[in-house]
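Dear colleague,

I am passing on the structure we spoke about, and I would be glad if you would look through it with the notes below beside you.

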Amino acid sequence: MLLGGAAVLLSGTNRLLLGANRRLAPELVLHNARVWTVDPLSPAAQAIAIADGRILAVGSNEFVLSGAVAGTRRVDIGRKRITPGFIDAHAHPATSGLEYARSVDCGLGSIEAIKTALRRRAQQTAPGAWIKGFNYDDGKTPRPISLADLDDAVRDHPVAVEHRGGHSLFVNSMAMKTVGYDRSTPSPPHGLIERDAGGNLTGKVADDARIPFDRLLTRKATRAEWRDAAMLISRRATMRGITSVCDAFGDVDTLQGYRDAAAAGGPPQTRTYCNIDSKSIQPFVEAGINTGFGDDTVRVGAAKFFSDGSISERTAWISQPYVGTDFHGVPVGTREDIYRLASKLHKAGWQLATHANGDLAIDEVLGIYEQIQRETPRRDPRYRLEHCTVVTPSLIARIKALGAIPVPFSAYVSFHGDVMHFYGEARTRHMFAMRDFLDAGIPVPDSSDFTASPMDPPLWLQSQVTRTDPQGHVWGANQRISVAEAVRCGTINGAYSMFEEHLKGSIQPGRLADLVVWDQDMFEVEPSELSRINPERTMIGGRWAYEA
Ligand SMILES: [Zn+2]
């Protein structure tokens, strides 16, 4: 049997790589483990041999240890569970890392606590300079933070607090004044300047309405800041069992940050598949670079587009209005604009990835992809639908027919139970529709959209297996999947979404040695306790990236 030029010997559950160029002596053997390989041919094993950052053999203790030589390190895993390293198929690591380093973390449970944090930062900031908050979640405070709250906290600095969903800002009066917004300013076509019943500004601005703020808020980070940001988030990710991430919205600077982090010589960094913002893509196109360029550590991913708003911020573009309103969310960009550039990039060999949360957005983006594939057919293009949250049976049938990949939020029901009532139980039966995707034969991956929700595979498993929020409310029980299915989505399916299933996402001879040793077995704990399991150690490329 030939696999990528290397012979694989099958002997019961024992599998060994007999690669022509590979040394056969293992450097490391992990044994006495309960290995879940995600390899359908032999899902369970006891031991793994590793050399040159790759997996050399997988099988019984006896079989794998028999290949050890005098120099082989042997590690007894004490019958702990090992899985492949998890893959976060949509997150924002470097930009999140910058926020943690430079802005005020507003992921706090009370408006008073947020005001105190902003006030403290104001005392250390030159008068008139902007203060930026991040990680704010209006579902986690008793009511949304208001213009009056922010004015009460800080008067002499413009303040902008970003929602963790990434689409809206909550700003104070000085910020409004600085950009020239007042109660008579109309909302732009693809954005929202929110007003209360009396027509007064609430302080919330969303999507294109935030552009003037972003222009003033954004200070270009230095090369060292990007590197440190990438390293900071890699550390957080490996602590939760993640070994690969797709940066859903990168550019030259973020890409360089990941390269520099990998070259810094510290612990191994999470591997990055870096999607490129379609607005920043021209230098790549001119250099002849497209999807797949790079190496196993940092690779250029898809071209990224947007078609609507967010779920947690209730701006996703949906056919049935938000419960109790006549609001359908907001489309972002026009079909024609997305089509024109996407079609060009498709022809240049780029994978396409478009943010589409609501059913109307998904319908539009599928239509664009279908047209592009009809006009310029390409084998296995793996069109990505980022989030792909609210679906219908007909949308799922079109996704399957096109071979497209939905990339839903994995932790939403458990983490964002507080916003589910805006959508209603009937609609949540068709949101984050893991059961429907798997039943249709669609290889759906897992993702966090960090900082929109935590980079936390145990929480993803709990959310997908139980569909239960922290208050015990069940949302869309029809979409529950099993632990084994959820592990598969979080590993090999993530690799597939990046064209890397031959490299990672399973524990098989020849694959990269990316794996996690867990303190408790996800196949044995109560589903409601899944989020409490922890990695003891996380390995990337045969080296420990994290050890508890
Ligand atoms: Zn995102």
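The notes that follow go from the whole chain to its sheet, its helices and a few single residues.

Please bear in mind that this is a predicted model, in which local features need pLDDT of at least 70 and side-chain atom pairs count only at pLDDT 80 or more, whereas totals for chains, interfaces and linings use all residues. Residues are numbered from 1 along each chain as its sequence is written.

**The chain as a whole**

The secondary structure of the protein chain comes to 18 helices and 26 strands, where helices (H or I, at least four residues) and strands (E, at least two) are DSSP runs numbered from the N terminus. The radius of gyration, taken over C-alpha atoms, is 24 Å, close to the 24 Å that the globule rule gives for 548 residues, so the chain is as compact as a globular protein of that length; the rule itself is 2.2 Å times the number of residues to the power 0.38. Along the principal axes, the C-alpha atoms fill a box of roughly 75 × 55 × 50 Å.

Of the 548 residues, 53% count as buried, a term that requires 20 or more other C-beta atoms within 10 Å of the residue's own, while exposed means 12 or fewer and partly exposed lies in between, with C-beta atoms placed from the backbone. Among contacts between residues at least 6 apart in sequence, 72% join residues at least 24 apart, a contact being two C-beta atoms, placed from the backbone, within 7 Å.

The domain assignment, which is automatic or taken from a database, gives domain 1 (1–79 + 505–548), domain 2 (93–217) and domain 3 (307–444 + 452–481). The centres of domain 1 and domain 3, taken over C-alpha atoms, are separated by 34 Å, and the contact between these two takes 6 residues from domain 1 and 7 residues from domain 3.

**The sheet around S24**

An open sheet with mixed pairing is formed by 6 strands in the order S6-S5-S10-S24-S25-S26, where two strands pair if DSSP finds at least two bridges between them. Strand S6 (44–45) and strand S26 (543–547) stand at the edges with a single partner strand each, so one side of each is left without a neighbour in the sheet.

Within this sheet, S24 (residues 515–518) pairs with strand S10 (residues 81–84) in the antiparallel sense over 4 bridges, and tryptophan 518 in S24 is the bridge partner of arginine 81. S24 is also joined by 4 bridges to strand S25 (residues 535–540), again antiparallel, where valine 517 has arginine 537 as its bridge partner and leucine 515 has methionine 539. In a regular strand the side chains alternate between the two faces of the sheet. Both faces of S24 are covered, with Leu515 and Val517 buried on one side and Val516 and Trp518 buried on the other.

**Helices H15, H16 and H17**

In H16 (457–466), 10 of its 10 residues are buried, and these pack against S11, strand S18 (242–250), helix H13 (412–415), H15 and H17. H16 is followed by arginine 467, whose phi is positive, near 50 degrees. In helix H17 (residues 483–490), the buried residues are Ala486, Val487, Arg488, Cys489 and Gly490, and what covers them includes S10, H15 and H16.

Arginine 435 is placed in helix H15 (residues 434–439) and, with 19 C-beta neighbours inside 10 Å, counts as partly exposed. Leaving aside residues up to four places away in sequence, arginine 435 touches Asn478, Gln479, Arg480 and Ile481.

**Backbone points to check**

Which two residues does a cis peptide bond join? They are phenylalanine 450 and threonine 451, with omega about 15 degrees, and threonine 451 lies in the loop between H15 and H16.

Asparagine 32 has a positive phi of about 55 degrees although it is not a glycine; asparagine 32 lies in the loop between strand S4 (28–31) and S5 and is partly exposed, with 15 other C-beta atoms within 10 Å. Aspartate 380, also not a glycine, has a positive phi of about 55 degrees, but aspartate 380 is exposed, with 7 other C-beta atoms within 10 Å.

With best wishes
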